[in-house]
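I wanted a quick look at the overall fold, then at one residue.

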Amino acid sequence: MRKRNLIICLLIVTLCLTGCDSGKIENLSENIKKMELTGNLVTYEAYFHNIIEIEKEAGSGITHLFEKDRKLFAEYTGTIKLGIDMSKVKIEVKGNEINVTIPKAKVIGEPNVDKEDFKDENFIETKEGLNKNPITANDSAAAFDKAQKNMKEDASSDESLLNIAQKRAKVLIEENINQFSGISEKKYTISWEYE
């Protein structure tokens, strides 16, 4: 009795498994529609090495007599991520042709500036006057914030970096399309447009 039940179960499982392969092959546009195109796709991480200059004004009032305006210089490094907004990718399927439009690349997230570069001992400073105008934690924080802002602006306006990020997005999207349309019985061609 047990052997017979075991044999019946094995036959049912075998039929189910062989049935998976012989099902209908889905068409190309149905497969492409299954691609989830949401969120940001990071395609490139750029490294920056730069110098920042901060002005530290002399204080006002009697206690700040003979203070001088000072300049601070800090050498810093950091990374920033670039990529595209996947929800703006347009994919149109016409017959066996796939047309893909890739949006412009952009900075994704905030820069990752190394905070260690903004320790007091790493600053190059102009000389103080007769009365000290010391570098404070607020000055270090201001320099760090300015470095982050500058790095983001530099990356956002660097067309060559943005082009690299956009072209890398093409490679990743093409891999996804090939994966999702691979079980189609049709051959297909992909054409690309860049915003």
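Surface first: I took accessible areas from the Shrake-Rupley method with a 1.4 Å probe, where for residues only the protein chains shown count as cover. The chain comes to about 13100 Å² of accessible surface, and carbon and sulfur atoms hold 53% of that.

Caveats for myself: this is a predicted model, with local features needing pLDDT of at least 70 and side-chain atom pairs counting only at pLDDT 80 or more, while totals for chains, interfaces and linings use all residues. Numbering starts from 1 along each chain as its sequence is written, and side-chain values use heavy atoms, without hydrogens and water.

Next I read off the elements as DSSP runs (helices H or I, at least four residues; strands E, at least two; numbered from the N terminus). I got four helices and seven strands, in the order α-α-β-β-β-β-β-β-α-α-β.

Then burial: buried is under 20% relative accessible area, exposed over 50%, partly exposed in between (1.4 Å probe, protein chains only). Of the 195 residues, 31% are buried.

My pick was Thr 43, found in strand S1. Is Thr 43 buried or exposed? Thr 43 counts as buried because its relative accessibility is 9%.

I listed its contacts (heavy atoms within 4.5 Å). Leaving out residues up to four places away in sequence, Thr 43 touches Leu 82, Gly 83, Ala 165, Arg 168, Ala 169 and Leu 172. Ala 169 sits 126 residues from Thr 43 along the chain, yet their C-alpha atoms are 5.9 Å apart. I also noted a polar side-chain atom of Thr 43 at 2.8 Å from the backbone oxygen of Ala 165.

Terms used:
A polar contact is a pair of N or O atoms within 3.5 Å; within protein, one must be able to donate a hydrogen and the other to accept it, and residues adjacent in sequence count only if both atoms are side-chain atoms.
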